Amino acid sequence: MTNEPASGVARTVPSRRIVYGEALRRFMLRPESTAIAAVLILFVVFTILSPALFPTKLTYISIMAIASELGILSIGVTLLMIGGHFDLSVGAVLGLTSYVCVVLMRDFGLSPVIAAPVAVAVGALLGGLNGYVVVRFRIHSFVVTLGTMLIWRGVLIALTGGFPMTVDIPVVFKNVMSGPLIFGFRMSMVWFFAITLLATILLTRSRLGNWIQARGQNENAARNLGVPVDRVTIILFVLTSALAAVAGIIQVARFSSVDALRGEGMELQAVAVTVIGGTLLSGGYGSVVGTMLGAITFGMIQVGLVLAGAPGHFFRTLTGVIVVGAVILNTDVARRMARSKPLGGFKRSSAAADAAIQAGAAAEKGEAG
Amino acid sequence: MIACRSLSRSRKGVPVAQPGGIRHLAGTIAASLLTVAAFVSAPDAARAEDKPISIYFVGCAAPTGFHGYLARGAEEAGKNLGVNVTYVYPDQLTIPNQVQKIEEAIAAQANGIAVCAFAEDKAYAEIAARAKEAGIAFGSAAAPPSGAQIRDPNDFFLFRTGSDEAAAGKLTAQRLLSMGVKGRVVVANQQPGDASCQLRATSEIDALKAAGIEADFLELTMDPGQQSEALFNYLRVHPDTAAATSTCDVIDGFLSAKADSGRNDLILTGYDIVAQSLAAIKDGRQAFTIDQQQFWRGYMPVLLLTHYLKYGLIEGNYFLTGPTIVDKDNVERVSALVKEGYR
């Protein structure tokens, strides 16, 4: 008896080079692969530009401090973008919920253990309002959240009178939220990793995650398949604004203050981080781990440019150039990889599909036997 | 008294033809014409009755925070002088939006207009000419060009009253030099598009460099976390940095970077009076802050307009409200005045 599959096609054992090549190809098909490449490339570039200071622990602490606060905000934006929506109000929600937290502690004397969850709940409420307006009036989320961004920011400016507000934060709360407790790394990094893990499980291992991706790929098809599209949309907005509130509370704990412009501009930074992380602006495709790497990339750019002695007037320009470069790398590689064919001896489908085919072939073979 | 108006114009009552025939329509039109005629003749009648002077203060932003003190200054001047003051402002600070508010003030037949000018003079030249044609006194609640002291007789602004931002940057540099700063100074701007902040930064750097001190410009964002990490790493690259200046009022990131770097000897300076700065000056984390006495920026234009309209008085020198310094010596007194709304 010959060692042939049931299809009758002669099966050849691929060489090790092809196996590794195919493994790399399949890895590169993942959304976060180019974000890893961006991190590695920037690490090498900044290490060359600043060999004495960049590859050191203090630098990594700085990078993670920036990445954590922005990353928590960006994870919500990522889930929303995979679901096919935008939220431009996250920066204003961050500011407004920070204000709520500060006022509850300062003016109402509440413990931060109570004030912080209330602020997150307020954030969730604001997100729910965004989601409700989007699904109720069928207006594009870009426009709705542009409007609410102006509203929340205006409310914050009016409430603060335009001036920063300070509050005394208990040391324990400060340390738990953002203290440098992990060998100098801030606790915000732990929250960031925990939220990344939870969001990844939600997106890849839960029914809601499936629904989110289905909603992002094709709303009508998802609706026809029984996905509660409107409910998913509202949940996504709630999650996004709640995470913005969490990021705000971490900043309140760290700086013991809030100001009228807190969070301004971060909505666009979050979009940049999300896109660097491999999530498509068109929705339906993306990765939370990619966003984590995107946030680290952003932090690396911010810190690396200072350590490399970049000219002060061009700081934003250079940040923008690197972000655009990272996105070009990301989308170009993704496009090329999507067009690529499996290396010899491998089927076009993914590993899971390969396994299914093999299982089917084995079953067929068993029946024939 | 003071009244605040938003950008949107209030709708005037427009006569609408009702069903009921031509006679009714003719009656409506006649009544409308009579009403319009009454409105047109109103200013003359009001003048005859010695109507109070009406001054429009065209601000840069809503009367909150910094601009709240301007509005409060204008309000108090109005009360003290017995004139009506109306504070109007654009929703977004752009030249067209602000000029639109000036046009509204002209249309409202104000006796005087003070504008919180934020752009070059030529942006206001045309509207100033229209105000002059309408017989309206027109002044600037902003500083004159840097270095100008004596009022130019051809200046289309009757007066200029504000803080000299270039002088503010120079003052910061002079104070740092008097404190014996050596080595390097970093001057950071969190709002790179803001001309005031940029002028402060440029003049401080120029003055420091002229005195032989290394001075760098650092562009930052408004996020305090990103500010803190950028400054922290700047201090790592340049451990000889003796002082850091924040050209905007958000100082949290600077205080955090100073604490994180363990650089207790780092001299921090800032702008404007905010809670964090006052607290940091009191406990020694910040050396001083530059104050432009914004209350005066609201009060003085109303005073100057009123005296011009009543007595024909025009200033000889431009009136500078700042810069002044708030440091450990006067921080307690200033804090008390902040609570009263004057600083």
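In which loop of chain A is Ser256(A) found?

## A serine with positive phi

In this predicted model, Ser256(A) is found in the loop that lies between α11 and β2 (257-258) of chain A. Although Ser256(A) is not a glycine, its phi is positive, at about 55°.

## A cis peptide bond in chain B

Turning to the backbone of chain B, the peptide bond that runs from Gly322(B) to Pro323(B) is cis, and its omega is near 10°. Pro323(B) has its place in the loop between β12 (319-322) and β13 (324-327) of chain B.

## The interface of chain A and chain B

The contact draws on 36 residues from chain A and 35 residues from chain B. Between the two chains an area of about 2900 Å² is buried, and carbon and sulfur atoms give 57% of that area.

Four salt bridges are found across the interface of chain A and chain B, and one of the salt bridges in the model joins the side chains of Glu229(B) and Arg254(A), with a distance of 2.7 Å from N to O. Across the interface there are also 14 residue pairs in polar contact, where both residues have a pLDDT of 80 or more.

## The side of chain A that touches chain B

Several helices of chain A contribute to this side, and those elements that give two or more residues are α3 (57-82), α6 (141-160), α11 (229-255), α12 (266-276), α13 (288-307) and α14 (315-339). Of these, α3(A) gives the most to the side of chain A that touches chain B, with seven residues. When the residues on this side are sorted by class, 18 are nonpolar, 12 are polar and six are charged.

## A nonpolar patch on chain A

Which residues form a nonpolar patch on the surface, with about 660 Å² of accessible area together? The patch is made up of Tyr132(A), Phe137(A), Ile139(A), Phe142(A), Val143(A), Leu146(A) and Leu150(A).

Two helices of chain A, α5 (112-137) and α6, each supply at least two residues of the nonpolar patch, and the largest share, four residues, comes from α6(A). Leu150(A), which is one of the patch residues, has its place in helix α6 of chain A. Helix α6 of chain A is also among the elements that give two or more residues to the side of chain A that touches chain B.

Key:
Residues numbered from 1 in each chain as written. Chains lettered and ligands numbered in written order. Predicted model: local features only at pLDDT ≥ 70, side-chain atom pairs only at ≥ 80, totals over all residues. Heavy atoms only, no water. Contact = heavy atoms within 4.5 Å. Buried area = accessible area lost by both parts, 1.4 Å probe. Polar contact = N/O pair within 3.5 Å; in protein donor to acceptor, adjacent residues only side chain to side chain. Nonpolar A, V, L, I, M, F, W, Y, C, P; charged D, E, K, R; others polar. Patch = residues over 30% accessible without salt bridge, like charges linked within 9 Å, V, L, I, M, F, W, Y side chains within 5 Å. Areas by Shrake-Rupley, 256 points an atom, 1.4 Å probe, with all protein chains shown as cover.
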